[in-house]
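Reader: I am new to reading structures. Could you take me through this one, feature by feature?

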Amino acid sequence: EFEQIKSDQQELRKYIFADSTVDSAHLPCNFERLIRYAQRQFRIYSNKTISDLHPKYILDRVSELSERLRIALFPGDDVISIEARNNATHLFNIVMRSTLATKRVLKQYRLNQKAFDWVL
């Protein structure tokens, strides 16, 4: 997971935001707001709550969501569909992996399993 996030950061710096005029991108999902709402909904307090999640569960669920997004957006195995799918989901997957990284979910957000599944 660490190596993947590290390569994502390098790619963001070198290729996606290499142009100095572009400093942000708009995504269809505000992860931080979803996480805050889940914390409120499931009464998770960042200083008192202990997460019951296992790191492997987090990694598996995030990769499953990434695969489901790829399949749902552009079904098909031809070259054009594969390229469109990769272009459409690439930045979203980078942000999702960074926001839902194991350490952040367990230590910073302290989500339990129900809240994490709700976010996904």
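Reader: Which residues is Y109 in contact with, leaving aside its neighbours within four places in sequence?

Author: Contact means heavy atoms within 4.5 Å. By that rule, Y109 is in contact with E32, I35, Q39, I44, T99 and R104. The C-alpha atoms of Y109 and I44 are separated by 8.4 Å, yet the two are 65 residues apart along the chain. This is a predicted model, in which local features need pLDDT of at least 70, side-chain atom pairs count only at pLDDT 80 or more, and totals for chains, interfaces and linings use all residues. Residues are numbered from 1 along each chain as its sequence is written, and side-chain values use heavy atoms, with hydrogens and water left out.

Reader: Is Y109 buried or exposed?

Author: Buried means under 20% relative accessible area, exposed over 50%, and partly exposed in between, with a 1.4 Å probe and protein chains only. Y109 has a relative accessible area of 4%, so Y109 is buried. Of the 120 residues of the chain, 29% count as buried.

Reader: How many helices and strands does the chain have?

Author: Both are DSSP runs numbered from the N terminus: helices are H or I with at least four residues, strands are E with at least two. Here there are six helices and zero strands. Y109 sits in helix α5.

Reader: Where is the kink in α4 centred?

Author: The bend at a residue is the angle between axes fitted to the seven residues ending there and the seven starting there. In α4, a kink of about 40° is centred on T89. T89 is also one of the buried residues of α4.

Reader: Which residues lie nearest the centre of the largest pocket?

Author: Rolling a probe the size of a water molecule over the atoms shows where empty space is left. On a 1 Å grid over the protein atoms alone, a pocket is an open set of points where a 1.4 Å probe fits, with protein on both sides within 12 Å along at least five of seven lines; lining residues have an atom within 4 Å of a point. Q4, L59, V62, S63 and R97 lie nearest the centre, among 14 lining residues. The largest share of the lining, seven residues, comes from α3.
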